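Open the model in your viewer and keep the sequence panel beside it. The tour goes stop by stop: select, look, move on.

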Amino acid sequence: MTLKFLYAALAATALVALAVPTIAQDKTGTNAGPAAEGAVPGAAATMALAQELYVVGVAQGDAVTVLAAAKLAASVEVTTTEAGTLDPAAITFREGDQSTFRKKAAPAAPAAPAPMMNDEMRRAAKASFFSATTDDDGAADAPVTADAMFAKARALAGDDEAMQRLIDAAMAEGSRGRIGGAVQWLSRLPAGMTDVWEIPFYGNSYAEVAVVGDGDANLDVAITDENGNVICYDVSWSDKLYCDWTPAWDGYFYITVQNGGRVRNSYYLMTN
């Protein structure tokens with residue numbers, strides 16, 4: 001599979017034209033502004049790359065590539081938490097289209113993220129739509145972990161003593177220098193169903209989202225703002241996406257994840 005690295009600039013396609021508002025607080029346009037100064041990809045980007053490298057390494061039977069993936073995955077410190085419940089009535093899908101959606105006018109919903117303390121984790125709410133087409137849970141229960149990557153690298157290394165020593169050294173290095181600040185939510189999405197996530201991001205602050213599947217089924221992903229404007233969109237054959245952008249104002253964003261495969265895909269949604 002090919003990792004779906006989609007940046008906000010690439011989303012300006014025939015699907016939607018990104019129009020950065022000329023007035024900072026004009027919230028009728030697309031909620032994407034100029035890149036935040038000094039912004040660099042963080043933990044979500046690193047984990048997404050680790051997962052992609054692992055897939056390539058396993059496909060090629062290459063212990064070196066799998067070890068590189070394991071080291072990247074081990075370098076990321078991620079907090080796993082539970083998502084809240086998103087009111088399904090707040091979301092509507094256009095007829096015949098499960099991957100393109102818009103948010104209904106919902107006066108009871110906040111128009112911008114509630115203030116968060118510096119030590120408070122980002123919150124997310126999720127609703128699931130449509131009916132499962134099969135009850136096949138697939139082979140995997142979650143995306144592969146750093147420990148599992150190290151174990152796979154060791155298995156691929158076999159009797160190569162030099163490679164085994166490199167793996168030992170990498171595992172001993174452990175979590176030193178870890179990249180922190182990321183939070184993730186696990187969803188086990190049956191075939192034929194669609195998740196919609198609501199997540200707040202602050203304006204003029206760097207935002208990144210990664211969707212990392214378990215490899216069992218294709219996932220189609222779209223990220224939109226509260227006005228339904230597309231920030232990132234990908235329907236290619238993969239279950240991995242990385243997207244970064246800078247919101248122009250405080251607002252909620254909606255990540256829709258559709259399982260177009262024949263079995264369940266257990267994926268992580270990760271943000272900074």
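Is Asp-137 buried, partly exposed or exposed? Select Asp-137: the residue is partly exposed, with a relative accessible area of 43%. Here buried means under 20% relative accessible area, exposed means over 50%, and partly exposed lies in between, using a 1.4 Å probe and protein chains only.

**Before you go on**

This is a predicted model: local features need pLDDT of at least 70, side-chain atom pairs count only at pLDDT 80 or more, and totals for chains, interfaces and linings use all residues. Residues are numbered from 1 along each chain as its sequence is written, and side-chain values use heavy atoms, with hydrogens and water left out.

**Whole chain**

Color by secondary structure. The protein chain has 4 helices and 14 strands. Helices (H or I, at least four residues) and strands (E, at least two) are DSSP runs, numbered from the N terminus. Of the 272 residues, 50% count as buried. Take the contacts with a separation of 6 or more: residues 24 or more positions apart account for 82% of them. A contact means heavy atoms within 4.5 Å.

**Stop 1: the salt-bridge network**

Select Asp-137, Asp-141, Arg-188 and Arg-264. These residues are linked in a network of salt bridges. A salt bridge is a side-chain nitrogen of Lys or Arg within 4 Å of a carboxyl oxygen of Asp or Glu. Side chains of opposite charge can pair when their charged atoms come close. The whole structure holds 5 salt bridges.

Start with Asp-137 and Arg-264. Their closest N and O atoms are 3.8 Å apart. The pair links distant parts of the chain, 127 residues apart. Asp-137 sits in the loop between β6 (125-129) and α3, and Arg-264 in the loop between β13 (251-259) and β14 (265-271). Arg-264 is buried, at a relative accessible area of 14%.

Now pick Arg-188 and Asp-141. In this salt bridge the closest N and O atoms are 2.9 Å apart. Arg-188 lies in strand β7 (residues 179-189) and Asp-141 in the loop between β6 and α3, 47 residues apart. Arg-188 is partly exposed at 38% relative accessibility. Asp-141 is partly exposed too, at 45%.

**Stop 2: helix α4**

Select residues 161-173. How far apart are the end C-alpha atoms of α4? They are 18 Å apart, which agrees with the 18 Å that 13 residues should span at 1.5 Å a residue. The expected span is 1.5 Å times one less than the number of residues.

Show side chains. Met-163, Gln-164, Ile-167 and Ala-170 are buried. They cover an arc of only 120 degrees around the axis, which puts them on the same side of α4. That arc is taken from the directions from the helix axis to the C-beta atoms. On the other side of α4, Glu-161, Arg-165 and Ala-172 are exposed. The cover over the buried residues includes α2 (63-74) and α3 (146-157).

Go to the start of α4. A side-chain oxygen of Asp-160 reaches to within 3.2 Å of the backbone nitrogen of Ala-162.

Then select Arg-154 and Asp-168. They form a salt bridge, with the closest N and O atoms 2.8 Å apart. Arg-154 is in helix α3 and Asp-168 in helix α4, 14 residues apart.

**Stop 3: the open sheet**

Which strands make up the open sheet of 6 strands? Its order is β3-β6-β8-β13-β10-β11, with mixed pairing. The edge strands are β3 (84-85) and β11, each pairing on one side only. Two strands pair if DSSP finds at least two bridges between them.

Zoom in on β10 (residues 219-225) and β11. They run antiparallel, joined by 4 bridges. The two strands form a hairpin with 4 residues between them, and Gly-228 in the turn has a positive phi of about 85 degrees. Val-221 has Asp-234 as its bridge partner. Ala-222 stands opposite Tyr-233. In β11 (residues 230-234), 4 of 5 residues are buried.

**Stop 4: strand β9**

Select residues 207-212. In β9, 6 of 6 residues are buried. Ala-207, Val-209 and Val-211 point one way, and Glu-208, Ala-210 and Val-212 the other. In a regular strand the side chains alternate between the two faces of the sheet.

β9 and β12 pair in the antiparallel sense over 6 bridges. The bridge partner of Val-212 in β12 is Lys-240. Finish with β14. β9 and β14 also pair in the antiparallel sense, over 4 bridges. Here Val-209 has Thr-271 as its partner.

Notes. Polar contact = N/O pair within 3.5 Å; in protein donor to acceptor, adjacent residues only side chain to side chain.
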